[in-house]
Amino acid sequence: MTTPRLLILTGAGISAESGLGTFRDTDGIWSKFDWQKLASPEGFAEDPVAVHAFYNARRAGLLDAAPNAAHTALALLEAAWVRSGGEFLLVTQNIDDLHERAGSERLIHMHGELLRSRCGACGDLKPCRSDLSIAMSCSACGRDGRLRPHVVWFGEMPLGMDEIFERLSSVTHFAAIGTSGSVWPAAGFAAEAARAGAATWELSMEAGESGHDFHHAVYGPATQTVPDWCDRIIAQAFSGR
Ligand code: APR
């Protein structure tokens with residue numbers, strides 16, 4: 001009997017009901033801010049003060065936010081799935097820590113983490129819950145002005161890709177939750193999972209750009225759709241065991 005292997009991909013939509021903005025919805029973050037200036041290495045090189053101000057504001061907003069019922073449902077699903085003998089991995093495009101705060105453990109932040117800083121000179125990573133600035137120096141190498149948010153910017157390589165693709169090659173179940181499927185390589189994960197023979201689900205407000213890659217779809221607010229989907233998927237995966 002094949003071991004049920006579930007990989008879940010989340011995007012900004014799962015944190016929308018926690019008050020954190022999405023990127024491409026109406027009034028989304030990229031409709032108000034220029035990603036080329038604020039979420040690219042070139043933008044940081046040109047105006048690091050503006051980039052720090054952008055992420056400092058988002059970091060402060062995150063500290064006031066809380067996980068919602070969808071985050072909690074995924075943490076409970078992970079515990080039940082593993083307890084039942086299955087394999088589980090949650091890959092998030094989000095840089096917030098709401099999955100961790102809800103109790104998720106088997107987690108990869110493929111676009112980095114807002115609550116960590118990185119030294120652009122030595123690569124040192126540190127927890128970061130307050131403002132970053134160009135006046136700060138790295139506590140590991142001592143260089144000045146090289147600290148940046150530990151966030152993957154456009155044009156940079158996402159994190160954990162080897163493990164993600166290795167896991168995708170043998171998944172039995174895949175779901176994309178709250179993502180528009182606009183950004184690669186995450187946009188290709190559903191097709192990769194389907195090639196491995198997995199059943200695939202899209203849970204969002206509407207079909208994303210890779211909507212055709214899913215066998216099933218559930219549309220509606222994540223706090224309403226995800227808890228029910230979690231109950232159904234684990235019953236289906238472990239029925240008859
Ligand atoms: N419940 C479920 N889904 C929602 C909700 C909600 N309450 N609100 C919005 N959504 C869905 C939207 O329908 C959309 O499909 O969430 C998705 C958000 O899409 P984007 O704003 O494009 O966010 P995301 O897919 O995470 O973006 C991917 O792009 O800018 C980069 O690095 C950034 O990680 C981000 C990546």
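**View 1. Aspartate 27, an exposed loop residue.** Aspartate 27 counts as exposed, at 57% relative accessibility. The model shown here, as in every view, is predicted. Aspartate 27 belongs to the loop that links β1 and α1 (29–32). Its phi is near 65°, a positive value in a residue other than glycine. Most residues other than glycine have a negative phi.

View 2. Tryptophan 184 and proline 185 are joined by a cis peptide bond. Omega is near 10°. Proline 185 sits in the loop between β7 and α8 (189–195). Most peptide bonds are trans.

**View 3. Surroundings of the ligand.** The ligand is surrounded by 23 residues. The closest are Phe23, Arg24, Trp30, Thr179 and Ser180. For tryptophan 30, the distance from a side-chain N or O atom to an oxygen atom of the ligand is 2.7 Å.

**View 4. The open parallel sheet.** Six strands make up an open sheet, in the order β3-β2-β1-β7-β8-β9. Their pairing is parallel. The edges are β3 (107–109) and β9 (216–219), and each pairs on one side only. From one strand to the next, the twist averages 15°. Inside the sheet, β7 (residues 173–177) and β8 (residues 199–204) run parallel and are joined by 5 bridges. Histidine 173 has alanine 199 of β8 as its bridge partner.

**View 5. Helices packed on the sheet.** Helix α5 (residues 69–83) packs on the sheet and touches β1 (5–10), β2 (87–92) and β7. The direction of α5 makes about 155° with that of β2. Helix α9 (residues 222–237) lies across β1, β7, β8 and β9. Relative to β8, helix α9 runs at about 170°.

**View 6. Two nonpolar cores.** The largest nonpolar core has 25 residues. Ile8, Leu74, Leu77, Trp81, Val226 and Trp229 have the most contacts inside it. At least two residues of this core come from each of β1, α5, β2, β7, β8 and α9. Helix α9 gives the largest share, 7 residues. Leucine 74 touches, among others, Ile8, Phe88, Leu90, Ile177, Val226 and Cys230. Its contacts also include Thr10, His99 and Ser104. A second, separate core holds 18 residues, including Leu9, Ala176, Ala190 and Ala193. In soluble globular proteins, nonpolar side chains tend to be buried together.

**View 7. Glycine 112 and the β4–β6 pair.** Glycine 112 lies in strand β4 (residues 112–119). Strands β4 and β6 run antiparallel and are joined by 5 bridges. Valine 151 of β6 is the bridge partner of glycine 112. Strand β6 (residues 147–151) is mostly covered, with 5 of its 5 residues buried. Glycine 112 has a relative accessible area of 0%, so it counts as buried. Beyond four places in sequence, glycine 112 touches Asn94, Ile95, His150, Val151, Val152 and Leu159. Alanine 75 is 37 residues from glycine 112 in sequence, and their C-alpha atoms are 20 Å apart.

Technical notes:
Residues are numbered from 1 along each chain as its sequence is written. This is a predicted model: local features need pLDDT of at least 70, side-chain atom pairs count only at pLDDT 80 or more; totals for chains, interfaces and linings use all residues. Side-chain values use heavy atoms; hydrogens and water are left out. Two strands pair if DSSP finds at least two bridges between them. Helices (H or I, at least four residues) and strands (E, at least two) are DSSP runs, numbered from the N terminus. Axes are lines fitted to C-alpha atoms, for helices over the stretch in contact, and angles run from 0 to 180 degrees between N-to-C directions. Contact means heavy atoms within 4.5 Å. Buried means under 20% relative accessible area, exposed over 50%, partly exposed in between (1.4 Å probe, protein chains only). A nonpolar core is a set of buried Ala, Val, Leu, Ile, Met, Phe, Trp, Tyr and Cys residues joined through side-chain atoms within 4.5 Å. A residue is near a molecule or strand if one of its heavy atoms lies within 4 Å of it. A polar contact is a pair of N or O atoms within 3.5 Å; within protein, one must be able to donate a hydrogen and the other to accept it, and residues adjacent in sequence count only if both atoms are side-chain atoms.
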